[in-house]
Each structure stands twice: as structure tokens, then as C-alpha cells.
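Subject: Structure for your review

Dear colleague,

Please find below the structure for your review. My notes on its packing follow.

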Amino acid sequence: MSHRPPSSLPGRRGVLRGSLAASAALALPGGLAAPAFARSGRPAAAWGVQSGDVTADSGLVWVRADRPARMIVETSATESFRRPARWHGPLLGPGTDFTGTTRLRGLPPGEQIHYRVLLADPDDPRRTGAPVTGTFRTAPAGRRDGVRFLWSGDIAGQGWGINPDRGGNRVYADMRALDPDFFLCSGDNIYADGPILPSVTLPDGRVWRNVTTEEKSKVAETLAEFRGAFRYNLLDEHARRFNAQVPTIAQWDDHEVHNNWYPGQILDDARYTEKRTDVLAARSLRAFSEYFPVSTLPPGDTDGRVYRVLHQGPLLDVFVLDMRTYRNANSPGRQPDDTTGILGARQLAWLKRELSRSRAVWKVIASDMPLGLVVTDGATDFEAVAQGDPGAPLGRELQIAELLRHIKHRGITGTLWLTADVHYTSAQHYEPEHAAFQDFAPFWEFVSGPLAAGGFQAARLDGTFGPRQVFVKAPDRANTSPAETPPYFGEVAIDGDSGELTVRLRQEGGDVLFSRTLQPGRVGQ
């Protein structure tokens with residue numbers, strides 16, 4: 001087994017290659033300074049608010065303070081906040097990097113919830129800072145209103161950070177304009193292994209400038225550096241406005257820790273002094289739980305898992321996977337027996353059980369990696385499920401074959417897979433008549449991303465599960481900037497009357513690149 005630093009790996013998972021100019025770092029937006037213990041005035045929440053894991057009757061609200069403060073959340077059916085309901089949240093302090101999450105329960109289904117967060121001085125509760133407002137829609141109790149959401153992933157990667165010359169990450173404004181019910185972030189929310197430097201010279205001589213911070217000037221190793229990496233994305237005004245309007249379902253992948261990491265790995269990367277990925281992963285997961293409102297992470301769930309199911313009314317269940325934490329080591333993937341696979345035995349059993357229990361018309365499997373696209377890790381190993389051998393399932397493919405067989409034999413309809421990860425956008429239909437393994441029902445997989453990272457060439461297909469690629473848009477070279485290859489995101493709209501599900505693959509500006517409508521209760525769309 002080989003362990004290679006990212007600098008020796010070609011392609012999207014390597015570190016940024018190219019000329020890095022030595023221009024001065026850009027100034028941070030006003031009001032976004034580090035917290036302090038002794039400050040004049042009242043507590044403030046300059047980093048904005050966000051909501052997450054919203055269901056028909058509950059949701060989580062997040063905030064970060066500029067000093068120790070008590071979090072208070074008020075909700076109302078209108079923006080006037082007449083007779084608001086009030087929730088007393090946690091005391092925010094250095095133990096959570098001054099972040100906190102409050103769970104709202106007993107909410108009405110299918111309604112627009114307006115909320116505002118107040119930060120109170122812990123020594124004088126009457127002293128509160130200016131309220132910061134946000135909104136979200138709870139999932140419907142019935143079918144009439146339908147469901148619509150967006151997905152993407154891969155943010156601030158390969159050295160492409162927040163560029164003030166482009167007005168920041170404008171794709172968030174495009175997504176906010178669509179006013180979705182929620183946003184599914186499919187992983188690589190940060191690039192802990194990818195520093196953001198002041199500028200990058202593009203192939204045509206133009207210069208890409210980045211907003212920079214001390215924590216993002218190197219790879220993340222300490223808890224403070226991981227926190228700084230998650231905080232970096234909130235420097236973008238478009239992202240903060242999006243977060244205040246659209247709740248998020250967040251999952252993670254490799255770059256929250258290190259390129260292509262797996263449990264037990266010892267890094268061969270000269271940039272790191274801490275080379276144990278298990279240590280790095282624990283620090284990153286803690287920061288992840290501090291910066292995203294996730295219902296199955298502390299303090300809401302002491303088990304501390306990322307995988308979960310979010311019920312979005314009778315039309316939709318979202319099954320969020322974790323293909324990183326429980327996987328076996330990356331390898332050539334030719335094992336004839338593999339009980340660990342990419343999910344681990346416990347997560348696979350959970351997924352089979354929850355899919356069997358689901359009564360939703362559509363069951364979206366939110367996967368942080370694609371199934372039939374070949375993602376390599378060096379010269380001989382493989383990072384995802386597919387390993388380039390189009391024959392019978394081997395290695396991690398065995399676990400996916402078991403899952404697909406279960407879906408078919410239990411008569412589970414309405415499954416489709418959504419992912420990002422590979423830094424281009426595509427649509428694949430998996431067809432048993434063209435596959436080496438044929439004991440499964442046909443299904444679709446849609447890929448969309450990156451949201452704010454480098455673009456990369458399309459990966460080749462592995463024939464084990466018979467994928468037929470009906471659409472792909474990708475650059476013809478590695479690590480194109482967002483100025484050269486537009487950010488990609490996907491939209492899913494489920495009609496409340498017919499139950500039809502329409503997938504639209506979009507790019508920055510909102511243009512639709514590809515669209516496909518699927519019928520409910522059928523297989524082999």
C-alpha cells in the first residue's frame with residue numbers, strides 16, 4: 001500500500017499547480033474579526049445565521065458570536081415578529097469557537113418560519129446585540145405543495161478562494177434566487193489540505209485574487225486551523241445571504257480532512273507535522289459540528305455520526321451517506337470478499353433498513369462519491385467505488401451490489417443518487433442489461449459541482465453496474481479556475497399533483513444544461 005502526498009498526484013485532488021504571485025493579502029470584510037473576551041458594546045453576529053436539517057416540525061438554527069454570549073432564538077409566522085415564540089439556546093464560548101445551535105421543535109408543517117437570533121451578555125441578559133434574521137420553510141405534511149431543492153459541493157478548492165474582483169461567489173446569489181426548500185451540500189465543504197494564497201496567475205496571464213486569512217495560509221492541522229477553514233467560506237456575503245434564506249443538509253467527504261484520506265492512514269505529506277489522519281479527522285469533525293447545524297452530531301446526538309435520513313414530507317426522504325469515516329483503505333479494489341467496503345457494515349445495515357421503512361414517493365441517496373465513475377488514488381489504488389474492471393463486483397463494489405440487490409428484491413421504488421466530488425456535471429443511467437452485475441433495478445445518478453473550486457476532466461466509466469452517460473459537461477484540462485469553467489449546481493423539483501421528479505443540471509447564471517423528468521413508482525426511468 002502506498003501513501004502519496006497530494007503534490008505527487010495528477011488531477012483535481014492534487015495541490016494547486018501554477019504560478020502563485022506574492023501580492024499582499026486582501027483585507028477581510030468589516031465586522032468579521034476574531035472573538036475577544038473583553039470588548040465594549042453588545043454581542044454581535046457578523047458571521048450571519050444559518051438553518052439546517054429542517055423537517056416538517058423541527059429545524060436547527062446556527063450562529064457565531066464575537067464574544068461569550070447566550071443564544072436566544074425567536075420565531076414568527078411573519079416578518080413583523082408579533083407575539084414571537086422564544087427558545088433559549090446555549091452559552092457560546094471558546095469551547096465551540098463561539099458557535100452554537102438551537103433546535104426548534106413543534107413547528108407547523110409546510111410553513112414559512114421567520115426567525116431572529118439575539119445574543120445576550122451572559123452577565124447582563126438585558127444587554128442584547130442587534131437581532132440577525134433568517135427564514136426557512138418546514139417540510140410539507142401533504143403532497144400539494146411539492147418539494148424543490150438544490151445540491152452541489154466542492155467549495156474553495158485547489159487554491160480558488162473568494163475573489164473580490166468577481167464580486168465573490170456569485171453562484172450563491174443564483175441559487176438563492178431560485179428560493180429552494182433546502183440545499184444539499186454533497187461534501188468537500190472546505191479544502192483543509194488546500195491553502196488559499198493571495199493570487200494565482202491564469203494560463204492567459206490574468207490574475208485571480210483571493211481573500212486570504214491566516215488559517216488558510218497553510219494546511220489545517222490544529223483545531224483552530226480547521227475552524228478557520230470552515231469560517232473562511234462565511235467571509236463571502238453571497239454565502240451568508242444564502243444561508244439566511246435556505247436551510248442546508250450538510251455531508252462531508254475527504255477534503256474536510258485530507259485528500260483521499262481513510263481511517264488509520266499515516267500521511268506521506270511533507271506539509272504536515274501531524275500525520276495521523278484519525279487525529280486530523282477528529283479535529284475536523286469537531287469543527288464541522290461547530291459550523292454546520294447537523295442533527296446527528298453533538299450536542300444533538302452523542303453518537304456523532306454524519307449519516308442520517310431527513311424526512312421531507314410524503315414526497316421525499318433524503319438519505320445522507322458517509323463514505324469516508326467507515327471505509328477500508330484505498331487499494332486496487334480487487335478483493336473477492338469485502339464486508340467493510342466504503343460504508344462499513346453498520347451504515348450499510350442502517351441504509352437497507354431505512355430504505356425499506358421509507359414510504360416516501362422518492363428516496364434520494366445523497367452520496368459523497370459517485371458509483372460508476374473511476375476515481376483514482378495514485379497509480380494503482382482507487383478512491384471511490386469503481387476500480388476500472390468492468391467485470392463482476394470486487395472490492396467496494398460488493399457492498400454496493402448488496403445494496404442494489406436489496407433495493408430490487410424489496411421492491412423499493414423511486415431511488416436516485418445525487419453526488420458532486422468529481423468537479424464536473426453529468427447524468428448516468430445504470431442499466432442491468434448492460435452490466436456485469438445484473439441483479440438490480442435501473443436507476444439514475446446525477447453529478448453536479450464544483451460550486452467554487454477547480455474544474456476537471458470527465459472520469460471514465462466502469463461497466464460493472466452498466467452506467468450509460470447521457471450528459472456530461474467538463475473542461476478538457478485539469479484545475480480550470482471558476483473564471484474559465486463556471487460553477488455547477490443541480491436542482492430537483494417534485495410536483496405535488498403528479499409526483500413527477502425533474503432534475504435540472506445548472507451552471508452559474510442559472511442556465512439549465514440538462515433536464516430529465518422521472519415518473520413516480522416506476523423503475524428503469
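Two residues are in contact here when they have heavy atoms within 4.5 Å. On that basis, and leaving aside residues up to four places away in sequence, Phe-288 touches Asn-189, Phe-230, Ala-250, Gln-251, Trp-252, Val-294, Leu-297 and Val-306.

The model is predicted, so local features need pLDDT of at least 70 and side-chain atom pairs count only at pLDDT 80 or more, while totals for chains, interfaces and linings use all residues. Residues are numbered from 1 along each chain as its sequence is written, and side-chain values use heavy atoms, with hydrogens and water left out.

Of its 46 residues, Tyr-172, Met-175, Phe-183, Phe-288 and Leu-451 touch the most other members. Two or more residues each come from α1 (171-177), β11 (182-185), α2 (223-232), α3 (237-245) and α4; these elements are DSSP runs numbered from the N terminus, helices being H or I of at least four residues and strands E of at least two. Another core, of 34 residues, lies apart from it and includes Met-323, Trp-350, Leu-373 and Ile-400.

The structure holds 22 aromatic pairs, that is, rings of Phe, Tyr and Trp (its six-membered ring) with centres within 6.5 Å; planes under 30 degrees apart count as stacked, over 60 as edge-to-face and the rest as tilted. The rings of Trp-62 and Tyr-291 are tilted, because their planes stand at 45 degrees, with centres 5.9 Å apart. This pair links Trp-62 in strand β3 (residues 59-64) to Tyr-291 in helix α4 (residues 277-291), 229 residues apart, and both residues are buried.

Finally, the whole structure contains five cavities of 30 Å³ or more. A cavity is a set of points on a 1 Å grid over the protein atoms alone where a 1.4 Å probe fits but cannot get out, and lining residues have an atom within 4 Å of a point; its volume is the space filled by probe spheres set on the points, which are joined across faces, edges and corners. The largest cavity holds about 220 Å³. Among its 15 lining residues, Tyr-172, Asn-233, Leu-234, Asn-243 and Phe-292 lie nearest its centre. The largest share of this lining, three residues, comes from α3.

Yours sincerely

How values were computed:
Buried means under 20% relative accessible area, exposed over 50%, partly exposed in between (1.4 Å probe, protein chains only). A nonpolar core is a set of buried Ala, Val, Leu, Ile, Met, Phe, Trp, Tyr and Cys residues joined through side-chain atoms within 4.5 Å. On a 1 Å grid over the protein atoms alone, a cavity is a set of points where a 1.4 Å probe fits but cannot get out, and a pocket is an open set with protein on both sides within 12 Å along at least five of seven lines; lining residues have an atom within 4 Å of a point.
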